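Please consult the sequence and the structure shown below while reading.

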Amino acid sequence: MGRMIDADGVELWVERRGQGPDVLLISGLGDPVEAWQPQLDGLADRYRLTAFDNRGAGRTPLPEGPLSLARMADDASAVLRALRVPAAHVAGFSGGSFIAQELALRHPGVVRSLVLMSTMARPDPYFRAMTRYWHWMVERAPDERAMLEAFFLWIYTPRAHADGMVDRFVEETLAFEHPQSVENFQRQLAAFADHDTLGRLGRITAPTLVLAGELDLATPPRLGRVVADSIPDAEFEVLPGEAHQPFQEVPDVFNSRVDAFWRQVEAGG
């Protein structure tokens, strides 16, 4: 079960599962903690996992005023502090990987290691054009189902569209009791589109694994490669045949890879 915790004045919804070394999971655009269910279920026998709803997603409100990745990174640090976790392995997906980068830069002491999935250091023209379209699309789509069906074209593989997985994700999202508002989607999107750590990534000292999906349209492998090349000694791996969200599409593959990485870090490798 989850609960609200106070993170420096903002109530954030947090869920915890399992026992073992601490892991903090940071979600991407619009995703609540439920997006990490395959990890909360699949890794809880080895790790104590913490996931939380970012500002403006799921059960966490989005206060008035500017929303920045720095502020969201401070939220992540505040979650660990409130839970009395001195340091954790941190895994961030997409926009959550941008937050994770900022977390490692602003609060290096709380980051035991980094897994950056579907990531980048600075948006390129394609990403900026794509996010401008998403900003428009969430307002102009005839209904929420149509918006999700269009949005998920950038997120999941053709395989997932063909085998019914995307249809299931659409139905689950429509049935979710805490939908994200259009305004909150747009405000989160704007914060992620302003992401730029390219000139600072060399300061990250935590062991880092960068993962990219071979078929990812939103954050293709070439963008992840820049991140890995910018962080000292970072590992880089492309998942063949996968798109933007492999931790949901092929959770066993994702879980096995991050488990091996975390075990290596725990062993001092």
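## Helix H8

The buried residues of helix H8 are Asn-184, Phe-185, Gln-186, Arg-187, Gln-188, Leu-189, Ala-191, Phe-192 and Ala-193; buried denotes under 20% relative accessible area, with exposed over 50% and partly exposed in between (1.4 Å probe, protein chains only). Because nine of its 12 residues are buried, H8 is largely enclosed by the rest of the structure. The cover over these buried residues includes H2, helix H3 (95–106), H4 and helix H5 (144–151). Helices are DSSP runs (H or I, at least four residues), numbered from the N terminus.

From its first C-alpha to its last, H8 reaches 16 Å, close to the 16 Å expected at 1.5 Å a residue; the expected span is 1.5 Å times one less than the number of residues.

## Basis of the model

The model is predicted: local features need pLDDT of at least 70 and side-chain atom pairs count only at pLDDT 80 or more, while totals for chains, interfaces and linings use all residues. Residues are numbered from 1 along each chain as its sequence is written, and side-chain values use heavy atoms, with hydrogens and water left out.

## Packing of H4 with H8

The axes of H4 (residues 125–140) and H8 (residues 182–193) come within 10 Å and cross at roughly 170°. Axes are lines fitted to C-alpha atoms, for helices over the stretch in contact, and angles run from 0 to 180 degrees between N-to-C directions. H4 and H8 are therefore roughly antiparallel, a term for angles over 145 degrees.

On the H4 side, the contact (heavy atoms within 4.5 Å) involves Phe-127, Arg-128, Thr-131, Trp-134, His-135, Val-138 and Glu-139. H8 contributes Val-182, Phe-185, Gln-186, Leu-189, Phe-192 and Ala-193. By class, the H4–H8 contact holds eight nonpolar, three polar and two charged residues. Ala, Val, Leu, Ile, Met, Phe, Trp, Tyr, Cys and Pro count as nonpolar, Asp, Glu, Lys and Arg as charged, and the others, Gly among them, as polar.

## Nonpolar cores

A nonpolar core is a set of buried Ala, Val, Leu, Ile, Met, Phe, Trp, Tyr and Cys residues joined through side-chain atoms within 4.5 Å. The largest has 66 residues, of which Leu-24, Ile-26, Leu-103, Trp-134, Phe-151 and Phe-152 touch the most other members. Helix H2 (residues 69–82) gives the most to this core, with seven residues. Another core, of 23 residues, lies apart from it and includes Leu-209, Phe-247, Phe-254 and Trp-262.

Technical notes
Helix = DSSP H or I, 4+ residues; strand = E, 2+ residues; numbered from the N terminus. Parallel < 35°, antiparallel > 145°, perpendicular 65-115°, else oblique.
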